Amino acid sequence: MSVNYASLGELKKGSYIVIDGEPCRIVEITKAKTGKHGSAKAHVVAIGVFTGQKRTLIAPVDTRVQVPIIEKRLGQILADMGDMVQIMDMETYDTFEVEKPEDENLAGKLEPGVTVEYWLIMGKPKIIRIRERQA
């Protein structure tokens with residue numbers, strides 16, 4: 001699994017974290033001050049990258065948490081197979097299948113020959129945006 005470790009107190013809104021084995025994007029993080037007994041706590045609200053499910057985490061700010069390593073790569077669409085598309089990586093020339101994104105605007109533009117940017121998050125690819133049309 002491609003993850004790094006970071007202190008929960010270092011993370012900010014918009015960064016990524018692994019909660020219950022699912023890579024998530026932080027949409028809200030609040031930190032409570034230290035009380036009479038115990039340490040400062042952080043309350044994290046995050047949305048799953050692949051599932052879109054809302055997840056929360058409450059832990060001390062000095063807790064070590066997993067942060068997914070995100071590889072940003074380019075690929076070319078080879079085939080449209082309904083709810084999946086076949087992509088060839090532009091560097092390694094590996095071919096693999098990826099689920100179409102839920103965004104209808106983006107999914108409607110996916111057709112063979114289109115170059116896309118995809119992120120490899122914890123070994124799983126996700127299409128993020130369309131780069132440019134190949135001539």
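Tyr16 and Trp119 are both buried, where buried means under 20% relative accessible area, exposed over 50% and partly exposed in between, with a 1.4 Å probe and protein chains only. The model is a predicted one, in which local features need pLDDT of at least 70 and side-chain atom pairs count only at pLDDT 80 or more, while totals for chains, interfaces and linings use all residues. Residues are numbered from 1 along each chain as its sequence is written, and side-chain values use heavy atoms, with hydrogens and water left out.

**Overall build**

- The chain holds 1 helix and 11 strands; helices (H or I, at least four residues) and strands (E, at least two) are DSSP runs, numbered from the N terminus.
- Along the principal axes, the C-alpha atoms fill a box of roughly 65 × 30 × 20 Å.
- Buried residues make up 39% of the 135 in the chain.

**Aromatic contacts**

- The whole structure has 2 aromatic pairs. Rings of Phe, Tyr and Trp (its six-membered ring) pair if their centres lie within 6.5 Å; planes under 30 degrees apart count as stacked, over 60 as edge-to-face and the rest as tilted.
- One of these is the edge-to-face pair of Tyr16 and Trp119, with 6.2 Å centre to centre and 80° between the planes.
- Because Tyr16 belongs to strand E2 (residues 16-19) and Trp119 to strand E10 (residues 114-121), the pair ties together parts that are 103 residues apart in sequence.

**The largest pocket**

- On a 1 Å grid over the protein atoms alone, a pocket is an open set of points where a 1.4 Å probe fits, with protein on both sides within 12 Å along at least five of seven lines; lining residues have an atom within 4 Å of a point.
- Strand E9 (95-99) and strand E11 (124-133) are the elements that give two or more residues to its lining, and E11 supplies the largest share, 4 residues.
- The lining divides into 6 nonpolar, no polar and 6 charged residues. Here Ala, Val, Leu, Ile, Met, Phe, Trp, Tyr, Cys and Pro count as nonpolar, Asp, Glu, Lys and Arg as charged, and the others, Gly among them, as polar.
- Among the lining residues are Phe50, Met84, Glu97, Lys124 and Ile127.
- The charged end of Lys124 sits over the ring of Phe50, 4.4 Å from its centre (the rule asks for NZ of Lys or CZ of Arg within 6 Å of the ring centre and within 35 degrees of the ring normal).

**Loop residues with positive phi**

- Most residues other than glycine have a negative phi.
- Asp20, although not a glycine, has a positive phi of about 55°. Asp20 sits in the loop between E2 and strand E3 (22-32) and is exposed, at 68% relative accessibility.
- Tyr93 also is not a glycine and has a positive phi of about 65°. Tyr93 lies in the loop between strand E8 (84-89) and E9 and counts as exposed at 57% relative accessibility.
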